[in-house]
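Subject: Structure handover

Hello,

The structure we spoke about is below, with its sequence. My notes on it follow.

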Amino acid sequence: MGMRAFAVPLVVLALAGAEPSQHQPAPGAAARVVPPAGPRVLRVCADPDNMPFSNRRLEGFENRIVALVARDMGASVAYTWWPEQRGFLRHTLNAHACDVVPGISAGDSRLLTTAPYFRSTYVFVYRADRGYHINSFDNPALRRLRIGVHVIGDDYNSLPPGVALARRGLASQVVGFSMYGNSTKDAAADPGDAASADPERSAPSVLIRAVARGDIDVAVAWGPLAGYYAARDGARSGHRLRVVPVQGADAGPAGRFVYAIAMGARRGDSTLVAQVDRALAHRRGEIHRILRRYHVPLVGDSARVAAAGPCAHGAEVAKTAEAVCE
């Protein structure tokens, strides 16, 4: 199973009406169920190959935040890995393969969520040497530019950026990039196999590299993905990339651009959620230092916690009253 989906927040995928990847685990497959844990083990379900969020090497920022939370709780961490796509909760949390899932939209009614530990937004990404000043879908410059977005189908309306561009009659400017990428070197390899992982082939990296190369003029992408890959691919290309939060976005579920991110547990597990909440609050400063290190654009309350400053390694995030990244 070489092809797989990169993951946006699960709620984004759900609201977009995304169809399951044709490369989902085989019918009847089930996540390996970790035996019931003792009180000092935090059982976590996460994607094995989804940088910058998580991977088997524990290199993602969600891996590091989970480790902080577990340490604060006096617990060790036991992972169950499953690709983050439609059906993820059914195969993991709801199958009792784990007790906690990071990276959930706060308030998701399918589970019980903690307080959010950061808020982020969709962003525009473009080369600093182009002289653009784009922070809104209403910017007239977009009418003459090639705009890259991730798409699920072929109608460009699946995800919020596609909806916003279509509403403004900009569909002809859109260059669609599949959100299903092949991030493994060997097509026959397990997509979660750390030895076969190839970040260069991941879907978000392909989109951001297209901006750096000049294949497209601007990309619109989920902030944590864009910030991470703009910093990395901008530096490699020799072109500084600007990461600018979307402003004045459309209202409503289809046009939602800002998400508060929390951890999720099974409904009714309020004791565990309260424990995780205490750890998140206690480790708040360390969590935001991790997020800044991964160039996650922060908005709202989380921005007031984060220190101001330019993004390093070839990317910068435009500072507004609501957004800052370092």
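For the helix pair discussed first, each axis is a line fitted to C-alpha atoms over the stretch in contact, and the angle between N-to-C directions runs from 0 to 180 degrees. Please keep in mind that this is a predicted model.

Helix packing

Helix α2 covers residues 61-73 and helix α8 covers residues 284-293; their axes come within 10 Å of each other and cross at roughly 165°. Because angles over 145 degrees count as roughly antiparallel, α2 is roughly antiparallel to α8. The crossing of α2 with α8 is right-handed. On the α2 side, the contact is made by Phe61, Arg64, Ile65 and Leu68. On the α8 side, Glu286, Ile287, Ile290, Leu291 and Arg293 take part. By class, the residues of this contact comprise 6 nonpolar and 3 charged, with no polar ones.

- Strand β8 (residues 118-127) runs antiparallel to β12 and is joined to it by 4 bridges. Here alanine 219 of β12 is the bridge partner of valine 125.
- Strand β9 (residues 147-151) runs parallel to β12, with 3 bridges between them. In this case valine 220 of β12 stands opposite valine 149.

As background, side chains in a regular strand alternate between the two faces of the sheet.

Helix α5

Helix α5 takes in residues 203-213 and is also mostly covered, with 9 of its 11 residues buried. The buried residues are Ala203, Pro204, Ser205, Leu207, Ile208, Arg209, Ala210, Val211 and Ala212. Note that Arg209 is in this buried set. After α5 comes glycine 214, which has a positive phi, near 90°.

The protein overall

The protein contains 9 helices and 17 strands. Of its 326 residues, 59% are buried. Which share of the contacts between residues at least 6 apart in sequence joins residues at least 24 apart? The figure is 75%.

Regards

Definitions and conventions. Residues are numbered from 1 along each chain as its sequence is written. This is a predicted model: local features need pLDDT of at least 70, side-chain atom pairs count only at pLDDT 80 or more; totals for chains, interfaces and linings use all residues. Side-chain values use heavy atoms; hydrogens and water are left out. Two strands pair if DSSP finds at least two bridges between them. Helices (H or I, at least four residues) and strands (E, at least two) are DSSP runs, numbered from the N terminus. Buried means under 20% relative accessible area, exposed over 50%, partly exposed in between (1.4 Å probe, protein chains only). Angles under 35 degrees count as roughly parallel, over 145 as roughly antiparallel, 65 to 115 as roughly perpendicular and the rest as oblique. A crossing is left-handed if the near helix is turned anticlockwise from the far one by less than a right angle, and right-handed if clockwise. Contact means heavy atoms within 4.5 Å. Ala, Val, Leu, Ile, Met, Phe, Trp, Tyr, Cys and Pro count as nonpolar, Asp, Glu, Lys and Arg as charged, and the others, Gly among them, as polar.
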